[in-house]
Amino acid sequence: MSVKKSKEMQLSDIVFNDYPDAGGHFAEFGGMYMAETLMDPVLELKEAYYKYMKDPEFIKEMDRDLAYYVGRPSPLYFAERWTQELGGAKIFLKREDLNHTGAHKVNNTIGQALLAKYMGKKRVIAETGAGQHGVATATVAARFGMKCVVYMGEEDIRRQAINVYRMKLLGAKVVSVTSGSRTLKDACNEAIRDWITNVDDTFYIFGTASGPHPYPAMVRDFQAIIGREAREQMLDQEGALPDAIVACVGGGSNAIGLFHPFLEDREVKIYGVEAAGHGIETDEHAAPLTAEDTKTGVLHGTKTYVMSDDNGQITETHSISAGLDYPGVGPEHSWLKDTGRAEYVAATDIEALEGFHDLTRYEGIMPALESSHAIAYVKKLAPTMSKDQSIVVCLSGRGDKDIHTVAAWEGIEL
Amino acid sequence: MSTIADSRIKGCFEKLRQQGKKALISYITAGDPTPEITVEALHELVAGGVDVLEIGVPFSDPVADGEVIQRACERALEHNVSLSDVLEMVKQFRSKDDITPIVLMGYLNPIEVIGYQDFAKLAKAAGVDGVISVDMTPEESEEYNAALATNKLDPIYLITPTSSKQRVEWIASMASGFIYYVSVKGVTGSSKLDVKQVSEKLDIIREITDLPIGVGFGIKDAESAAMIASVADAAIVGSALVKIHAQNVDDPAQIPGKLKDLVLGMRTAIDS
């Protein structure tokens, strides 16, 4: 089989909307790499997804929930003071932090929970890092009256106590995962094991645009409302498309949601910002797309860039933000990187904290530490652009959940 | 297609069939709890009556495995046991035993970093006969199967209670050596084995393929091994053996002998 590799393709020849192919491939990335027990439910999901996305009833129900339950459309806000401070391009914030539950995650969980409902599944499971996806899943499970189990690494439970309690209040069972690095990837492993064991009645609400096909395409499509709205809002408010768009990338669901509707607007520059942790040159980061020694691998059902050692063992990651602390990345990002359509950069813990403070002080908006990585890159990018240019940055979540982490970093006891 | 001369696995199953016997297949994770005992453990398993050896390649994220084998991977990875180390162990084993078939069982990522062709060449040279990659699906297998075929390695695939008839046909069409039937919906080490259900599914699979069928997941003692062997061509035992490793981490030298004792009991039960 001779799949043409992404790096060998001519960017101008690619029609981005043609991807993935029927098997979920973005050239050599993506696909379905799963234990056989899960192939039947994954194929069932694929069929249901493509069926219901064409079903007017399903779409109507989803749109209604997105409008009246989530609170969409989310505003596109011109950050005037921060723009003046940086002295370059005009900066617009796509306010996903204003969604119900405080992050973009709910766009996807509403879609997947509705699918679960249409497929007759009564039990949903999820993995979570920062807790945002867990909260968004527990929320919609309460909304639809479904049983909900959330897997969360022991280390993340410690970092995100408030979100753990929120999930419990919403009626979810939170299972502490003590294997491996006790963070997001291990929570994914445990959720997959649950799914293998309870395959008949369980729907796995996966939180990011990764996993086996159809998850990367499905999560992207549910999150693409971010980019569709932002594109329309820019045309309304500014009469032009932005010159650049920026989002943070862990698994990469808010980023692909913002990016995808702009992929064919070739003049719009696209930047994904990974977590450089203690520095991209150290071993302590979570930046599989940006790191020099990165490799293509297979993790959690998909082929993509993965942080692993020379023996193919997945390596432990570090980021101040639990939501970016993941060694893999959605396969479409690997493809956008290798085709050259998007550029991936990284911001350190310290740069993200600076971004957190800047936005809080200049705009009175406290970003999640995940989103603060995107903010940190905008701080570098905007001054290099002219005042008649513009940047849209995805403010993927709000920072209340991170106050303890920020305080602890600064040696303050609350 | 492989012949007896170039497939130890096929030869092994044909010989057993002629003798009217069923196969016993063992699984242990290489390097658990320490790399020094693995080769000796393999020899002792054969001495205890094992026909085919499955050797687990440790992986950091074994999503289809239950806690017993997860911990085994973690113990092996504390010694940084790599796929190359495992192949080295196979070479050492082969210096004393050139007959017993060896199957590597693990996950794709350690193979991905080497590349399918290079991996297959190295594995064949070391004396490996078949490969099970738990997260390799028929959907993605073209290049992988080709690499194994070029090097005369048997691609062994899992069939599960959730596999549709259509998938069983597809999987059987690309498998060789034997078919691995997973007895339960669950991860390794599950304990809800239902022999009647297994038997019914095996009947369906047998209508589709003549390949021998091994059944694993949930075989924990001589009794369950014998029950499975009465309906399948092979009983595959894993977590029950790996538990012996876990119980003897402080004195690993005890492990090979204890493994032999356990499989001896299973062998006797299967043959009687």
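Reader: Hi! What kind of model is this, and how should I read the labels?

Author: Hello! This is a predicted model, in which local features need pLDDT of at least 70, side-chain atom pairs count only at pLDDT 80 or more, and totals for chains, interfaces and linings use all residues. Residues are numbered from 1 along each chain as its sequence is written, chains are lettered from A and ligands numbered from 1 in the order in which they are written, and side-chain values use heavy atoms, leaving out hydrogens and water.

Reader: Thanks! What is the volume of the largest pocket?

Author: About 720 Å³. On a 1 Å grid over the protein atoms alone, a pocket is an open set of points with protein on both sides within 12 Å along at least five of seven lines, while a cavity is a set where a 1.4 Å probe fits but cannot get out. Grid points are joined across faces, edges and corners, and a volume is the space filled by probe spheres set on the points.

Reader: Which residues lie nearest the centre of that pocket?

Author: A:Val3, A:Lys5, A:Glu28, A:Lys303 and B:Glu143 do, out of 28 lining residues. A lining residue has an atom within 4 Å of a point.

Reader: And which elements give two or more residues to the lining?

Author: In chain A they are strand S11 (295-299) and strand S12 (302-306); in chain B they are helix H5 (109-114), helix H6 (116-126) and helix H7 (142-150). H7(B) gives the most, with three residues. Helices (H or I, at least four residues) and strands (E, at least two) are DSSP runs, numbered from the N terminus.

Reader: How many of the lining residues are charged?

Author: There are 11 charged residues, along with 12 nonpolar and five polar. Here Ala, Val, Leu, Ile, Met, Phe, Trp, Tyr, Cys and Pro count as nonpolar, Asp, Glu, Lys and Arg as charged, and the others, Gly among them, as polar.

Reader: Back to S11(A) and S12(A): do they run parallel or antiparallel?

Author: S11(A) and S12(A) run antiparallel, joined by five bridges; two strands pair if DSSP finds at least two bridges between them. Across the pair, A:Thr296 stands opposite A:Tyr305 in S12(A). The two strands form a hairpin with two residues between them. Five of the five residues of S12(A) are buried, so S12(A) is largely enclosed by the rest of the structure. Buried means under 20% relative accessible area, exposed over 50%, and partly exposed in between (1.4 Å probe, protein chains only).

Reader: What is phi for A:His300 in the turn?

Author: It is positive, at about 50°. A:His300 is buried too, at 7% relative accessibility. Most residues other than glycine have a negative phi, and most peptide bonds are trans. A:Ala27 also has a positive phi of about 50° although it is not a glycine. A:Ala27 lies in the loop between S1 and strand S2 (29-30) of chain A, and is buried with a relative accessible area of 11%.

Reader: Where are the cis peptide bonds you can tell me about?

Author: One joins A:Tyr19 and A:Pro20, with omega about 0°, and A:Pro20 is in the segment before strand S1 (25-26) of chain A. Another runs from B:Asp32 to B:Pro33, with omega near -10°. B:Pro33 lies in the loop between strand S1 (23-29) and helix H2 (38-47) of chain B.

Reader: New topic! How many cavities are there?

Author: There are seven cavities of 30 Å³ or more. The largest has a volume of about 320 Å³, and its 27 lining residues include A:His104, A:Lys105, A:Gly323, A:Leu324 and A:Glu370, which lie nearest its centre. By class, that lining has eight nonpolar, 15 polar and four charged residues.

Reader: What about the second largest cavity?

Author: Its volume is about 120 Å³. A:His300 turns up again here, lying nearest the centre together with A:Gly301, B:Val63, B:Tyr107 and B:Asp135, among 15 lining residues. This lining has 10 nonpolar, three polar and two charged residues.

Reader: Last one: which residues touch the most other members of the largest nonpolar core?

Author: A:Leu115, A:Tyr204, B:Phe178 and B:Tyr180 do, in a core of 90 residues. A nonpolar core is a set of buried Ala, Val, Leu, Ile, Met, Phe, Trp, Tyr and Cys residues joined through side-chain atoms within 4.5 Å. Apart from it lies another core, of 69 residues, among them B:Val90 and B:Leu104.
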